Amino acid sequence: MSHEQPSNTLGIFPRAWSEEQAGRIPGNIPIWVGILSELTEFAIFFVAYFVAKYYYPDVFAQGPQGLNTSLGVANTIILLSSSYFMAKAMMHIRLNNRGKCQGYLWLALSCGCFYLIVKTWEFYWNNLQGLSTSTNEFYTVYYYMTFNHFLHVGWASCAVLWVIFRLRAGHYSAEEHSGLEALAVYWHMIDLMWILIFPLLYVLR
Amino acid sequence: MKKFSSLEWFWVILIAITLFNTFLGEQFASTAFVSILVAVTLMYKGIIVIDHFMELKHANKNLRFLMRLYFIIFPAMIIATIFF
């Protein structure tokens, strides 16, 4: 009996989960293990948010009014734009257009850096307003979620820089770009988490 | 003039929804209607990113299901907060 596995599987999943039966896995399996772990981590934050909101509805109704909504909106637009640039970078590597791919990766990286600057400014602005992790339950959840997300954007931006160097070194082409694609799906996951965080903390009262 | 591709349109739609949701949050108290509207648009934003930016629409159906499920559960929890 043959136990041979396709090269892109770990051999630990049911056959129904294989690429042949369920469809292509963008990037690679390890990045999806990472993404699903990160989603679980953020899910715990979101559940904590809803539990805290249940017990402290008035604090959570007042909380968003103390935040700088303009900076939250700016960061949402920046991250959505970064996702768009990343999708364009993927489109161009498939066309073997490395120059344009690199250009869009630099734009995505610029968005990541710009996000970090705006977020730092927001934390500074909060500090001037006298807000901190111990102000009340809303701000405890706010700082936990947003600082955690801040770290994710930070290290993913470093990873974008890494794939730019790999691209310049000729490691990616129309035929082989799984490393670049793995980073792209991770980057979109970070954007997705902000898509959830933004209305919870800045919009809903 | 160069035509907008679907990616450009999705980018514009995502930004428009963000601005619309912010307007709702700034102008109105969180009524049940506002919460439902925000939850539904949030679900739509998530599905656009999952299907078209992450490109899961024609990729692995299990991963797409898990990602979409995430953007059904949490918007549904926003709707549940109406009863808090």
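Trainee: What should I know before I start reading it?

Mentor: The model is predicted, so local features need a pLDDT of at least 70 and side-chain atom pairs count only at pLDDT 80 or more, while totals for chains, interfaces and linings use all residues. Residues are numbered from 1 along each chain as its sequence is written, chains are lettered from A and ligands numbered from 1 in the order in which they are written, and side-chain values use heavy atoms, with hydrogens and water left out.

Trainee: What is the average pLDDT of chain A?

Mentor: pLDDT is the predictor's confidence in each residue, from 0 to 100. Chain A averages 92, and 94% of the residues score at least 70. Over residues 1–7 of chain A the pLDDT is below 50, and this stretch has two contacts in the model beyond near neighbours in sequence. Contact means heavy atoms within 4.5 Å.

Trainee: And what is the mean for chain B?

Mentor: The mean pLDDT of chain B is 91, with 94% of its residues at 70 or more. Within chain B, confidence is lowest in helix 1, at a mean of 92, and highest in helix 3, at 95. Helices (H or I, at least four residues) and strands (E, at least two) are DSSP runs, numbered from the N terminus.

Trainee: Let us turn to the inside. Which residues touch the most other members of the largest nonpolar core?

Mentor: They are A:Trp32, A:Phe46, A:Leu105, A:Tyr142, A:Leu192, A:Met193 and B:Tyr70, in a core of 95 residues. A nonpolar core is a set of buried Ala, Val, Leu, Ile, Met, Phe, Trp, Tyr and Cys residues joined through side-chain atoms within 4.5 Å. Buried means under 20% relative accessible area, exposed over 50%, and partly exposed in between (1.4 Å probe, protein chains only).

Trainee: Which helix gives the largest share of this core?

Mentor: Helix 7 of chain A does, with 20 residues.

Trainee: What does A:Phe46 touch?

Mentor: Leaving aside neighbours within four places in sequence, A:Phe46 is in contact with residues of both chains, including A:Met145, A:Leu196, B:Tyr70 and B:Phe74.

Trainee: Is A:Leu183 buried or exposed?

Mentor: A:Leu183 counts as buried because its relative accessibility is 7%. This residue lies in helix 7 of chain A (residues 178–203). Not counting residues up to four places away in sequence, A:Leu183 touches A:Met86, A:Ala156, A:Ala159, A:Val160 and A:Val163.

Trainee: How about A:Thr146: buried or exposed?

Mentor: A:Thr146 has a relative accessible area of 0%, so it is buried. The residue lies in helix 6 of chain A, and its contacts beyond four places in sequence include A:Lys119, A:Phe123 and A:Trp194.

Trainee: Which residues are linked in a network of salt bridges?

Mentor: The network links A:Arg24, A:Arg94, A:Glu181 and B:Glu55. In it, the side chains of A:Glu181 and A:Arg94 meet at 3.1 Å, N to O. A:Glu181 lies in helix 7 of chain A and A:Arg94 in helix 4 of chain A, so this pair ties together parts that are 87 residues apart in sequence.

Trainee: Where does B:Glu55 come in?

Mentor: B:Glu55 forms a salt bridge with A:Arg94 at 2.7 Å, N to O. B:Glu55 lies in the loop between helix 2 and helix 3 of chain B, so its pairing with A:Arg94 joins two chains. With a relative accessible area of 24%, B:Glu55 is partly exposed, and A:Arg94, at 32%, also counts as partly exposed.

Trainee: Finally, the surface. Which residues make the nonpolar patch?

Mentor: A:Val47, A:Val51, A:Tyr54, A:Tyr55, A:Tyr56 and B:Phe84 make a patch of about 610 Å². Patches are made of residues with over 30% relative accessible area and no salt bridge; like charges are joined within 9 Å, and nonpolar side chains (Val, Leu, Ile, Met, Phe, Trp, Tyr) within 5 Å. Accessible areas come from the Shrake-Rupley method with a 1.4 Å probe, and for residues only the protein chains shown count as cover. A:Val47 is found in helix 2 of chain A (residues 29–55) and is partly exposed at 37%.

Technical notes:
A salt bridge is a side-chain nitrogen of Lys or Arg within 4 Å of a carboxyl oxygen of Asp or Glu.
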